[in-house]
Amino acid sequence: MPLTYQDALDWIYSFIDFSAKRLDKYAAADFNLDRMVRLMRLMGDPHRRYPTLHLAGTKGKGSVSSLCASALTAAGYRTGFYTSPHLEDFRDRFRIDGRWIPPEAVTEITAHLQTFAAQVPGITTFELTTAIGFEWFAREGVDVAVIEVGLGGRLDATNVLTPKVSVITALSYDHMALLGDSLTQIAGEKAGIIKPGVPVVSALQHAESLAVLERVAAERGCPLTVAGRDVLFNPVAHSLAGQSFDVWTAEEARQLAALRTAGQSVAHWRPTRLEIPLLGVHQVENAATAYAALQALRATGLPLSADAIRDGFKAVKWPGRFEVLGAAPYVVIDGAQNRESARRLREAVDAYFADRRLILVFGASADKDIAGMFTELLPRASAVITTQAVHPRAADPDELLALAQGLGPGATIEPVAQVHRALTRARELAGPEDVILATGSLFVVSEARAALVGDPAAYAKVK
């Protein structure tokens, strides 16, 4: 019988799936590029048939990737975009000009993969998933592809690429069992995507991380551009509809300073002003990194106008990241899943919802820094509902409750096992002026979004 879409998914997930396991149970030796290199060779190296932008990082790599992909689409390029994990459906990992891969394409490519996978012992679910993306982009003849790293960088399945530009977004502590327990070690793993002679763009980093990136870039002969140092930016205005910011280069700043010193007027100069619908000052930082990445890509010979960047940034869609769904009360969903992301999330809540009462719906993977996230978020919450996504790594709500209670008094805390029921309980506790925040993992955000958006009337009747 012909393979069905569900058959294809069942086959893909029948292999080793590290995303469904506690990663601290596996050694770094379980991750290597040998299998992926062999699989790509058997398939005819589809990833070499189009230019790529390759992105790694702890925080913001999805946002930076989506901004870059949106700008490239606005420029008229047929643009592939590979991301993980998925938020709504397996197919949303693979997009061309914003459109998901069709089910029949997943089925056809999976059937194609089955012969090759049998020749690669130990192949994993993520490696097969990445191969589907690479093959689909090749079959569809994309002009360029934006490829996001799944985990780490050096040993990630996507690191068979030699891109036009490598991008490393903000680095912080996550997946320490695999990547190391210092920023130096983590940066070393992320820097593994840097290829000899390939330009590198980095977000502004802690000094410890930046020192590693500078060293690796110098060793491999790669020009390094750092957003916040070489590409400067300044937030201008923000509202729940979006935000604007200015961006300019450090070289422009030096030239302006020289003109001022010489007594010449610079009144005619204006920085580039951009608008994004993504909320939170951290998204301005991400957008500045994306802008720097696109300028570096442009310098490799890919034509890209200022209007395309402006239009692409304004039109970008990246759900589940400080996404506001409904009002009275407001419901915000955000995929923060480590302490630094939780801190930035709290800052965004304060910026957009100052002095409003917060009801926190929280669930997380058991191998995450839950105590760190609670440390950032609990002081801001008036009530906390611990919950559990349908995922093998999800922490038990009662265990989350005990941990939250142990961190100190303040908010009322109660467990509600299912995400959609936790939202219902949050609405019972919230007044029309309050804010409900669902966060802790993308798995929680995925289920919350499905409950609130999947049915047009779901916001009014979450069951």
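How many nonpolar, polar and charged residues does the lining of the largest cavity have? By class, this lining has 5 nonpolar, 2 polar and 3 charged residues. Ala, Val, Leu, Ile, Met, Phe, Trp, Tyr, Cys and Pro count as nonpolar, Asp, Glu, Lys and Arg as charged, and the others, Gly among them, as polar.

The legends below describe a predicted model, in which local features need pLDDT of at least 70 and side-chain atom pairs count only at pLDDT 80 or more, while totals for chains, interfaces and linings use all residues. Residues are numbered from 1 along each chain as its sequence is written, and side-chain values use heavy atoms, with hydrogens and water left out.

**View 1. The largest cavity has a volume of about 60 Å³.** Rolling a probe the size of a water molecule over the atoms shows where empty space is left. On a 1 Å grid over the protein atoms alone, a cavity is a set of points where a 1.4 Å probe fits but cannot get out. Grid points are joined across faces, edges and corners, and a volume is the space filled by probe spheres set on the points. The structure holds 2 cavities of 30 Å³ or more. The lining of the largest cavity consists of Thr83, Pro85, His86, Leu87, Asp92, Arg95, Trp318, Pro319, Arg321 and Leu442; a lining residue has an atom within 4 Å of a point.

**View 2. The second largest cavity has a volume of about 50 Å³.** Its lining is made of 13 residues, and those nearest its centre are Ala364, Ser365, Ala389, Ala394 and Ser441. Helices (H or I, at least four residues) and strands (E, at least two) are DSSP runs, numbered from the N terminus. By class, the lining of the second largest cavity has 6 nonpolar, 6 polar and 1 charged residues.

**View 3. The second largest pocket has a volume of about 270 Å³.** It is lined by 13 residues, with Ser70, Arg95, Asp97, Gly98 and Lys317 the closest to its centre. A pocket is an open set of points with protein on both sides within 12 Å along at least five of seven lines. Helix H3 (61-74) and strand S2 (79-82) each supply at least two residues of the lining of the second largest pocket. Helix H3 gives the most to this lining, with 4 residues. By class, the second largest pocket is lined by 5 nonpolar, 5 polar and 3 charged residues.

**View 4. Helix H2 (residues 34-43) packs on helix H5 (residues 125-140) at an angle of about 35°, with their axes 11 Å apart.** Axes are lines fitted to C-alpha atoms, for helices over the stretch in contact, and angles run from 0 to 180 degrees between N-to-C directions. H2 passes H5 in a right-handed crossing, one in which the near helix is turned clockwise from the far one by less than a right angle. From H2, the contact takes in Arg35, Met36, Leu39, Met40 and Met43, and from H5, Glu127, Leu128, Thr130, Ala131, Phe134 and Glu135. Contact means heavy atoms within 4.5 Å. By class, the contact of H2 with H5 has 7 nonpolar, 1 polar and 3 charged residues.

**View 5. Three strands form an open sheet in the order S9-S10-S11, with antiparallel pairing.** Strand S9 (231-239) and strand S11 (272-276) are the edge strands, and each pairs on one side only. Two strands pair if DSSP finds at least two bridges between them. The twist averages 25° from one strand to the next. S9 and S10 pair over 8 bridges, and a hairpin joins them through 2 residues. Pro235 stands opposite Phe245 in S10. Strand S10 (residues 242-249) is joined to S11 by 5 bridges, and Gln243 stands opposite Ile276 in S11. Helix H10 (residues 281-299) lies across S9, S10 and S11, running at about 140° to S9.

**View 6. A cis peptide bond joins Ala328 and Pro329, with omega about 0°.** Pro329 is found in the loop between strand S12 (323-324) and strand S13 (330-333). Ala328 is in the loop between S12 and S13, and its phi is near 55°, a positive value in a residue other than glycine.
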